[in-house]
Amino acid sequence: MKASEHHLHKTDSFITDYLVATLEKLFDPIPVPIILVDDQARIKMINSVFASYLGYEKEQLIGKHVADVDKNTRFPYVLKSKKSEIAWKHRFENGHTAIVHRIPVVEDGDVKFGFGMVLFQDLEEFKDIIKENKLLETELIHIKKQLKKLYGATYSWETIIGDSEKMIQVKYMGRKVAQTHSNVLLLGESGTGKELFAHAIHNDSRRTHHPFVKVNCAAIPSNLLESELFGYAEGAFTGARKGGKIGKFELANGGSIFLDEIGDMHMDMQVKLLRVLQEREFEKVGDNKPITIDIRVIAATNKNLRELVNEGTFREDLYYRLNVMTIELPPLRERRGDIKDLARLLVNKLSNQLGKYVTTISQETMQYLKNYDWPGNVRELENILERAINLTEGDTILPMHLPSYITSQKVRHVSDGPIQALNEIIEEAERVAISRCLTYTNGNKLKTAKLLHISRSSLYDKIEKYDL
Ligand SMILES: Nc1ncnc2c1ncn2[C@@H]1O[C@H](COP(=O)(O)OP(=O)(O)OP(=O)(O)O)[C@@H](O)[C@H]1O
């Protein structure tokens, strides 16, 4: 047995006079109300702030039972239950309402003493703090969202919809590429999700906590693109901002820069971009101090860069610099299996945004959507659905809510397109024929099978095969 324990047992009291004197010295100057009671809930120590809060001199309180000072006290109960009460609201007998802690100190199963403190002496003070905290929290969330919008990547692999084989393959490539340090080139028709991929690659890379900055090379006039990308020094040209301007490359330092529509970049700028890619440094317009950056370039275009190189409008050296890790996003008509999920999720998202309660796409409507060729890809699908949601009166999108060029589609003449393998032509014709018939019979499979002169089981196989 240690000497101190021996001393405690000998005096038969855990809170010795010596301890009380020491604690009093310690707690009295602290401007937070603190109290110590013995195992019988008699006050052993109370600091001056607490005593005056209760309306007494502290000498008047020592030795008194807590219930004689404040009849609302829960200390006797806490000592009995041996359970702490943390941040409880308490109304003192004198009318003060506060937030308090009541803590029984237990050793070897026995309560030795009770410790109490008043956290907020008046509830309004507590409410104000909570309110302020809540406000700060909301403000923080808002600012974080704005920041993410400005310099962040908002999409990840999970938000990119598509389970078709083609999408699984490109997402797999995207994940792999994200882990490397290389620049990335995203190819694909307009609206296939190149920007989404750029976001997801950045988010999934080690640069995720650094900025993601987007530049649309086609939207900025070529004479302004240089200062947009590299920034300019003070006095670089007439009308230049005081203090100069920071460029997108510098803003994205440590992170990724997404150069959209790279195929539209002017030849002069292509040379400058090539230098940044090779040397990782550049100068601001009107300044000759080199700025070194650590950045990953994710470039995208819906143009055929190889063709542009052949035509002489895109530099071959830049093309090879960019074309290291290339991902080609498939058009929607080559992954019709994704249309159903995409349409459903987009309707969900859009009806929330538009404040409309549209939840369903009728089977017939879905057939039309699956049958259409979508030259504008997912962006076109999104626009068509937004239009349909606005036109819908009830909760279901019907064929009448689609533009007529979608509902009046004719079977495409395969001879119109490029030469294809015969089995592909036959499959396409079969898919379109079944889809049209399902639309005609309003999804009735028995009728469809009869009209097409095939067995029901064969129809089911083909519906599954073509994901109709
Ligand atoms: N797989 C997908 N899942 C969910 N939404 C998608 C998907 N692909 C595209 N979208 C949506 O379609 C729209 C167009 O996508 P995005 O801007 O990424 O296409 P893009 O290929 O960059 O087009 P552009 O070449 O015209 O710039 C966006 O609103 C995007 O949210």
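The buried residues of helix 19 are Ile434, Ser435, Cys437, Leu438 and Thr439, where buried denotes 20 or more other C-beta atoms within 10 Å of a residue's own, exposed 12 or fewer, and partly exposed the range in between, with C-beta atoms placed from the backbone. This is a predicted model, in which local features need pLDDT of at least 70, side-chain atom pairs count only at pLDDT 80 or more, and totals for chains, interfaces and linings use all residues. Residues are numbered from 1 along each chain as its sequence is written.

Helix 19 spans residues 422-440 and reaches 27 Å from its first C-alpha to its last, close to the 27 Å expected at 1.5 Å a residue; the expected span is 1.5 Å times one less than the number of residues. Helices (H or I, at least four residues) and strands (E, at least two) are DSSP runs numbered from the N terminus. The cover over the buried residues of helix 19 includes the helices tabulated below, a contact being a pair of residues whose C-beta atoms, placed from the backbone, lie within 7 Å.

| Covering element | Residues |
|---|---|
| Helix 16 | 363-371 |
| Helix 20 | 445-452 |
| Helix 21 | 456-465 |

Just after helix 19, asparagine 442 adopts a positive phi of about 60°.

An open sheet of five strands shows the order 2-1-5-4-3 with antiparallel pairing; two strands pair if DSSP finds at least two bridges between them. Axes are lines fitted to C-alpha atoms, for helices over the stretch in contact, and angles run from 0 to 180 degrees between N-to-C directions. Strand 3 is joined by five bridges to strand 4 (residues 97-107), and the two run antiparallel. Within this pairing, glutamate 85 stands opposite arginine 102 in strand 4. Helix 2 (residues 17-27) packs on the sheet, touching strand 1 (34-38) and strand 2, and its direction makes about 30° with that of strand 2.

The ligand is surrounded by 18 residues, the closest being Ser190, Gly193, Lys194, Glu195 and Val378; membership requires a C-beta atom, placed from the backbone, within 6 Å of the molecule. Helix 9 (194-203) and helix 17 (377-391) are the elements that give two or more residues to this shell.

Isoleucine 62 lies in the loop between helix 4 (58-61) and helix 5 (66-69). Isoleucine 62 counts as partly exposed because it has 14 C-beta neighbours inside 10 Å.

Terms used: Two residues are in contact if their C-beta atoms, placed from the backbone, lie within 7 Å.
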